[in-house]
Amino acid sequence: MFERSLNKPLESGKSFFLFGPRGTGKTTWLKHHLPEAPFINLLQSEFYNRLSANPGHIRELIPPDRPDWVVIDEVQRIPALLNEVHDLIEARRQKFILTGSSARTLKRKGVNLLAGRARTYFMHPLTASEQGDAFDLRDSLRFGHLPARFNDKDPGRYLRDYVQTYLREEVMHEGLTRNIGHFSRFLEAASLSQGQTVNISGVAREAEVSRSVAENYFSILEDLLIAVRLPVFSRRAKRKLIAQPKFYFFDAGVFRAIRPTGPLDSEAELAGPALETVVLQELRALNDYLEYNYRLFYWRTRSKLEIDFVLYGPRGLLAIEIKRSTRIQGKDTRALREFKKDYPPAKCFLFYGGPTPLYLDDITVLPVGQALKELDAILRM
């Protein structure tokens with residue numbers, strides 16, 4: 001088992017929500033740290049059927065004189081349980097860990113989110129530092145960082161099964177769409193936008209659905225925590241910027257499993273977006289685990305200057321550009337140099353496919369593998 005960087009939730013001693021896509025290791029992590037805790041898994045029919053019929057039955061599953069941790073896995077399946085949880089926190093000082101792979105149901109009006117009595121944390125795919133010696137950038141670009149793929153003899157098959165079973169199951173269970181065929185076509189069409197600005201009308205045409213349906217599907221992906229849209233960084237903008245967000249699936253391996261391929265698709269078309277995805281999932285994980293409170297953006301002007309990731313928060317302003325090439329030319333740093341003119345306090349980095357760190361004026365150029373292992377230090381700069 002990999003040692004995870006998420007330690008603060010248990011150290012705090014307070015009830016908390018733990019959200020993350022299915023397969024990121026929430027259950028494994030909790031059972032490792034809390035092997036004796038009552039574990040109520042709502043994916044199991046014995047718990048789901050009983051508690052959906054009467055949420056109050058949860059009191060019969062918890063020892064009355066043990067104010068220790070109780071885990072409710074996939075709590076979004078029965079939102080009404082949160083009323084009982086709220087009362088048990090107040091009356092018994094019971095401590096709960098409430099995991100979820102979807103925020104959609106819990107966002108609905110009227111759902112009790114415990115009025116601040118439970119903090120919220122997120123679990124992401126494995127980071128490079130969590131993988132230790134198992135980290136291999138080439139494998140990361142093909143198979144991503146979901147924990148189970150590291151122990152699977154056929155990680156590509158595991159990822160295809162993940163897409164076919166989990167995504168379909170989750171969507172169908174929550175009644176998010178009546179036509180799984182339309183949604184499957186949408187997933188493939190959306191994967192063609194990985195790392196690009198979103199053209200919703202274009203995706204809708206590819207998926208053979210209306211624009212409004214495509215927009216709803218994008219929202220579903222975000223609510224299921226399996227995709228993110230990055231807004232453009234426009235604070236005190238000095239240039240004309242585009243307005244559309246950029247789109248990413250949450251894990252490079254999941255992206256590669258969804259992305260349709262054929263003889264006309266080159267490896268560069270897949271590896272480029274996959275590399276950006278690996279960097280993004282690392283940024284999101286460390287930002288959450290270490291509570292740096294950066295907000296993530298990208299930057300693109302109407303004259304097509306673009307920076308892949310901009311991080312803005314209490315610690316400062318970071319701009320990160322990703323290049324697969326093994327050599328850096330002047331044009332590769334142009335967007336960062338122009339961004340630095342507009343935002344002099346920014347710290348600028350370029351991660352590339354070469355082997356040697358370089359220092360070009362105010363831009364730090366790092367081999368991407370090294371950068372991923374040192375990303376914590378970069379975010380703390």
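Analyst: The following account begins with the aromatic rings and then turns to charges over rings and to helices. The model is a predicted one.

A search of the whole structure finds 20 aromatic pairs. One of them is formed by Phe183 and Phe186: the ring centres are 6.0 Å apart and the planes stand at 35°, so this pair is classed as tilted. The angle falls between the limits, since planes under 30 degrees apart count as stacked and those over 60 as edge-to-face. Both residues belong to helix α9 (residues 180-191), and because they are three residues apart there, about one helical turn separates Phe183 from Phe186. Phe183 has a relative accessibility of 2% and therefore counts as buried. Phe186 is likewise buried, its relative accessible area being 0%.

A further pair consists of Phe247 and Phe249, whose ring centres lie 5.1 Å apart; with the planes at 85°, this pair is edge-to-face. Phe247 and Phe249 are both buried. These two pairs come together in one aromatic cluster, made up of Phe183, Phe186, Tyr217, Phe218, Phe247 and Phe249.

Residues Ile200, Ser201, Val203 and Ala204 of α10 meet Arg211, Ala214, Glu215 and Phe218 of α11. Helix α10 (residues 200-207) packs against helix α11 (residues 211-223) at an angle of about 100°, and their axes are 8 Å apart. Since angles of 65 to 115 degrees count as roughly perpendicular, α10 and α11 are therefore roughly perpendicular to each other.

The charged end of Arg77 sits over the ring of Tyr48, at 4.9 Å from the ring centre. In another case, Arg149 lies over the face of Phe150, 3.7 Å from the centre of the ring.

For helix packing elsewhere, helix α2 (residues 26-33) may be considered. Its residues Lys26, Trp29 and Leu30 are buried. Viewed down the axis of α2, the buried residues fall within an arc of 95°, so they line one face of the helix. The partners of these buried residues are α1 (8-12) together with the strands β1 (16-19), β2 (39-41), β3 (69-73) and β4 (95-100).

Technical notes: Residues are numbered from 1 along each chain as its sequence is written. This is a predicted model: local features need pLDDT of at least 70, side-chain atom pairs count only at pLDDT 80 or more; totals for chains, interfaces and linings use all residues. Side-chain values use heavy atoms; hydrogens and water are left out. Buried means under 20% relative accessible area, exposed over 50%, partly exposed in between (1.4 Å probe, protein chains only). Helices (H or I, at least four residues) and strands (E, at least two) are DSSP runs, numbered from the N terminus. The arc is that of the directions from the helix axis to the C-beta atoms. Contact means heavy atoms within 4.5 Å. Rings of Phe, Tyr and Trp (its six-membered ring) pair if their centres lie within 6.5 Å; planes under 30 degrees apart count as stacked, over 60 as edge-to-face and the rest as tilted. A charge sits over a ring if NZ of Lys or CZ of Arg is within 6 Å of the ring centre and within 35 degrees of the ring normal. Axes are lines fitted to C-alpha atoms, for helices over the stretch in contact, and angles run from 0 to 180 degrees between N-to-C directions. Angles under 35 degrees count as roughly parallel, over 145 as roughly antiparallel, 65 to 115 as roughly perpendicular and the rest as oblique.
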